[in-house]
Number of protein chains: 2
Amino acid sequence: MFQSAAKTLSVATTTAATLTRGTSFSIRRYCQKTPATLRVSEAVSGAKLGANVKVQGWVRSVRPQKANLFLHVNDGSSLQSLQVVASSELLTLGSAVEVTGTLRKSPRQRQPFELEADRIHVVGDCDPVDFPFKIKERHSLEYIRQFPHLRCRTNAFSSLLRIRSEATTAVHSYFKENGFVQIHTPVITSNDCEGAGELFQVEVKGEKFFSVPAFLTVSGQLHLEVMSGAFSRVYTFGPTFRAENSQSRRHLAEFYMVEAEVSFTQSLEDLTKVMEDMFRSATEHVLAHCAEDVDLFHKHVTPGHRVSPQGHFAIDILNQSSQKFAFPTDWGCDLQTEHEKHLVKHCGNIPVFVTDYPYDLKPFYARDNLDHPEHTAAAVDLLVPGVGELCGGSLREERLDLLKARLGEAGLEDTYSWYLDLRRFGSVPHGGFGMGFERFLQCILGVDNIKDVIAFPRFSHSCPL
Amino acid sequence: MFQSAAKTLSVATTTAATLTRGTSFSIRRYCQKTPATLRVSEAVSGAKLGANVKVQGWVRSVRPQKANLFLHVNDGSSLQSLQVVASSELLTLGSAVEVTGTLRKSPRQRQPFELEADRIHVVGDCDPVDFPFKIKERHSLEYIRQFPHLRCRTNAFSSLLRIRSEATTAVHSYFKENGFVQIHTPVITSNDCEGAGELFQVEVKGEKFFSVPAFLTVSGQLHLEVMSGAFSRVYTFGPTFRAENSQSRRHLAEFYMVEAEVSFTQSLEDLTKVMEDMFRSATEHVLAHCAEDVDLFHKHVTPGHRVSPQGHFAIDILNQSSQKFAFPTDWGCDLQTEHEKHLVKHCGNIPVFVTDYPYDLKPFYARDNLDHPEHTAAAVDLLVPGVGELCGGSLREERLDLLKARLGEAGLEDTYSWYLDLRRFGSVPHGGFGMGFERFLQCILGVDNIKDVIAFPRFSHSCPL
């Protein structure tokens, strides 16, 4: 119902060009009536059974058998491909096709419905010699990672992308249902959040674009804290950056982080409750909505791995292991990945909270527990099986005098005068945490390399496309 | 039910410190029983009427009257603040308070429920001299923009942030309900999408971090096109960047874009349908879920502005104006903002599609209509009242030979060999569009300056915080 205002006052149609392109051959009979177009997810669940339908997608497998050719056609709408039965004609893996035919119950065991093809139109062909994925081969995650522009065409990576999309929905749903306001915290920032190094600088050649040095954000926390002076529950979910010179299985230069900030906190438990609820809720959502895709990973990609939010939280396992912690570092040292994994394993491979870290190890914003002589900060990490640190959080120092003193010691009082303002005007006890989204996916799926759970991994010496 | 593994095996509590801080005074009687904590949005709708409750938030107004003090307390959960009736005590605008008392029907007209305070605890005070917002004053958007770390504490900007959060939900809901998979396209990229200038470079001091020049993305389109070789419907929604040296009301260095890509398209109408549906659906969602917040803008911030997705699409207005277009540029020239606004106004201030632009004005990926002598590309813009271009899209050139020839002419065949691969292996007719999310909000709310619809605006010579 919008108006089209064009020089020619008409909308250009490309139909003619489309239908005459490529190979098009009729099988059995040509159907005059326009068939309904179904997505593969609809067809495999038997929608329009017995009707003449059209399905569009890419050929994921080809199997000649006697007089027939069995194709699996997929359009990304589900892991399950639609089985198409055609007369024996040459069709290659990876081709794009448009199939018209009758949807019927399948006499074969592996799928309830199949499409008996009347007509297969090859929309775009695919040279099987040049195409890097081969028929009947199960390619490893390492192999497909070499083709960042094509790996979404494999079953494993298209499952991953559907899971990632659904997990994103799950995170947003959790926060929305719990009254959090979503804030788009900035990617470009003039603060470095923790005074830590490893920053990417943002520049325009030969220009002082922003007048001040500008960086890619390492965390949206400080910007969320701005908001927690007016909204008692806020969150952000977006890309964050580390210029870490590492090609390890654990690090990316660009990754996604979920961060939340809660005002009027009484203790760390106000945070750990949100962290636990969110983790549980998002995990349950993904397992419920992507059962087939998650199964593919657990059966074929990372065999042996299982996840269940129920099992993770079983109180009896927790109680049995609660006295067994052997913390293999001296007090005052930070936890390393090996220690984190050890702790998680020691607790029976369930998620574990570690709280109250040495004050001097934590950034300026962490709240002082004032518990001399130990002197800890009200900080918390959530460790999970296989991954180590999944979330890190803390109560924030809301007391102006304490915060001012600590920033003063570091010579940062002027830099963070705006942050001190937040404590000058209606300061409240508050705290927050961040969760590495890729690590969450690794934890659910048992995927070892972080590069395999993100669409376009960026890391040291690697930024194709 | 998570396990706490700490040096002391206990979670530090900050309760003692919290309750002794600040001024705390009892009014009438002190209540021993722990009162239920309500959010302001719950209290103003009369939840727990007659019960003893606790509300936490910030003082948004103070009005002494006879023996009583009337406060408005807000915690960001709704535009409406909770009216608190207390004995006359000194409380300042901007202070954070915790109020305990009885929720009762209000004898006053302006709100149905109010809280009769038993006890007001000042959690964090606020010096009225230093605080930039003053009691009983309505500050302009220009004024509050000077305080990026505090402006969320005004009614207008907290409304904006709630609307922005809800509009984000609306966009995701639309795509999810229509079977689109969300892709996190990368922020850091080695391609510049359109060969256009105005790129931010990403660097690490003294290091060739990525081995190749890396930039902040100007569009996720090419990465979405990768995905549209396996998923017939994909979208992305995230930050995009332009190093445009402009401080105009229309430009930001960092802004949000919604982009979608649809495979197996027949014509531009497959795109305009999605653009129209998304625009309508998101607008309706925001108007339905943020009625009060949107009203604030229409009544007080941008008086005179109204938006209604119904009105926009009225077929009779469209038909009446369909013959009146006077396109004040010569064929072959691009549309300028003034022309776009003129077109929209000419159509009766409703959204307008402009299609089939001169081929030579469009980037290499736009599909050639092969309509000599005009020679147009299958591109489309959606123009909306007050804003001009809201969306831009096109069918993409899926024919390998045509694409290869055009890239060859521009000397880009090697750079985009991965993009040509997408046409080599199972290419399909497809197209997509992008919508400027800030412009969408401007269109709904009638906000003139784009800096007023984003949490932390970044532009030429401005990157505070």
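Before we start clicking, one term: a disulfide here is a pair of cysteine sulfur atoms within 2.5 Å. You're looking at a predicted model, where local features need pLDDT of at least 70 and side-chain atom pairs count only at pLDDT 80 or more, while totals for chains, interfaces and linings use all residues. Residues are numbered from 1 along each chain as its sequence is written, chains are lettered from A and ligands numbered from 1 in the order in which they are written, and side-chain values use heavy atoms, with hydrogens and water left out.

**Stop 1: the cysteines.** Select A:C290 and A:C443. The sulfur of A:C290 has its closest cysteine sulfur in A:C443, 15 Å away, which is too far for a bond. A:C290 is also buried, at 5% relative accessibility (buried means under 20% relative accessible area, exposed over 50%, partly exposed in between, with a 1.4 Å probe and protein chains only). Now hop to B:C391: its closest cysteine sulfur, in B:C443, is 9.7 Å off, again too far for a bond. B:C391 is buried too, at 0%. Over all chains, the disulfide count is zero.

**Stop 2: both chains at once.** Colour by chain.

**Stop 3: where they meet.** Contact means heavy atoms within 4.5 Å, and 143 residues of chain A are in contact with 143 of chain B. Since 100% of chain A's interface residues are also interface residues in chain B, the copies meet through the same surface. Zoom in on B:K176 and A:E166, whose side chains form a salt bridge (3.0 Å, N to O); the term means a side-chain nitrogen of Lys or Arg within 4 Å of a carboxyl oxygen of Asp or Glu. There are two salt bridges between the chains. Next, select residues 155-177 of chain A: this is helix α4, which gives the most to the side touching chain B, with 10 residues. Helices (H or I, at least four residues) and strands (E, at least two) are DSSP runs, numbered from the N terminus.

**Stop 4: a covered helix.** Which residues of α12(B) are buried? Select 417-424 in chain B: six of the eight are, namely B:W418, B:Y419, B:L420, B:D421, B:L422 and B:R423.
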